Amino acid sequence: MRAWQLTAFGLDNLTRTDVPTPERGPGEVLVHFSAASANPRDSQIIAGHFTPNVDFPLIPLSDGAGTVAAVGDGVSRVAVGDLVAPTFFPGWLEGEALADERKQSSGLEVPGVLREYGVYAEDALVKAPAGLSAAELACFPCAGLTAWTALVEKSGIGPGSWVLVQGTGGVATAALQFATALGANSIVLSSSDARLERARELGATATINYRETPDWGEQAYALAGHGVDAVVEIGGAGTLPQSLAAIRHGGHVNVIGYMAGAALDMTVFPLIIRNANIHGIGTGHRAAFEAMLAFVGEKGLRPLIARRYGFDDAPDALRDLDAGGFQGKLVIDYEA
């Protein structure tokens, strides 16, 4: 079968090769992949910026989707022909991860999805709601679930809530779409007026160009009237002070990325004054994934796909991911 393997750190060491098709055993499922999506974590792993502990060769990318090609004895959760996606953490089924539930993750400790076939325990797969394509389903295991965990699992967002979303990438766009579908108000930050206009088309209540308004936290607080209920924090250390300025008393800051810095250097007073809740978000568990997909199906949501690439053009997708300047998700279509 076709696969991409990383033999050493660096995108130049990602090579297309042929490897044996894996064989299923009892309780296991053979998935024929049709699509994948790229996330910043994938790029960081490939570059060697995420962790030095990588067993080469590695098949990268955590997020993919395909159809069940065959099932082993005892499998009951899925059937041949089902459209499915592997979970990001195959061992994290529900609740808090208090033991080894997050020890293995797709595209790092276990092989990723940048291959034609994969074998998974049936517990590590979720079925798509009716109407989603493989390319659309592939956008949800990391970016979609991260946004869902932040807004629903941690922040309890619902009708009338206010959400501040930093940026217009995969997680941010999913958060905007979820907030809109949940009946919440949303404020979107970007340095691009064109992307802010698109965000308003997707349902944003208000937008702020953060280059024109460096103190965007105060403006977001005022727009919400009493401060926002939740922030989808993409910047990290560099933007956290503004996020704390934006939230209401008892509000939630969901730290997802660190594009503006990873090391915190701030006093605790803003945390105390706002009685703030700060959550580190690392995707989520299978039960949340299934709840999210049920919501997606109920609301008829579709992820925003910025660009599509063929299987042989996977490195181009990763280069474009690093370059930025797009809105939504970059998807690799295996049949293109």
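Trainee: Are F178 and F295 buried or exposed?
Mentor: This is a predicted model, where local features need pLDDT of at least 70, side-chain atom pairs count only at pLDDT 80 or more, and totals for chains, interfaces and linings use all residues. Residues are numbered from 1 along each chain as its sequence is written, and side-chain values use heavy atoms, with hydrogens and water left out. The cut-offs are under 20% relative accessible area for buried, over 50% for exposed and partly exposed in between, with a 1.4 Å probe and protein chains only. By that rule, F178 and F295 are both buried.

Trainee: How many aromatic pairs does a search of the whole structure find?
Mentor: Rings of Phe, Tyr and Trp (its six-membered ring) pair if their centres lie within 6.5 Å; planes under 30 degrees apart are stacked, over 60 edge-to-face, and the rest tilted. Searching the whole structure that way, the total comes to eight.

Trainee: Why is the pair of F88 and F89 edge-to-face?
Mentor: Their ring centres are 4.8 Å apart. The planes meet at 75°, so this pair is edge-to-face.

Trainee: And what of F178 and F295, how many residues apart are they?
Mentor: They form an edge-to-face pair too, 6.4 Å centre to centre with 65° between the planes. F178 belongs to helix α4 (residues 170-181) and F295 to helix α9 (residues 286-299); helices here are DSSP runs of H or I, at least four residues, and strands are runs of E, at least two, numbered from the N terminus. The pair links distant parts of the chain, the two being apart by 117 residues.

Trainee: At what angle do helix α1 and helix α10 pack?
Mentor: Axes are lines fitted to C-alpha atoms, for helices over the stretch in contact, and angles run from 0 to 180 degrees between N-to-C directions. For α1 (residues 40-47) and α10 (residues 314-323), the axes are 10 Å apart and the angle is about 105°.

Trainee: Which residues of α10 make the contact?
Mentor: Contact means heavy atoms within 4.5 Å. On the α1 side you'll find P40, D42, S43 and I46. Facing them from α10 are L318, L321 and D322.

Trainee: Which residues does L11 touch?
Mentor: Look in the loop between β1 (2-6) and β2 (14-18), where L11 is found. Leaving out residues up to four places away in sequence, L11 touches I46, P315, L318 and R319.
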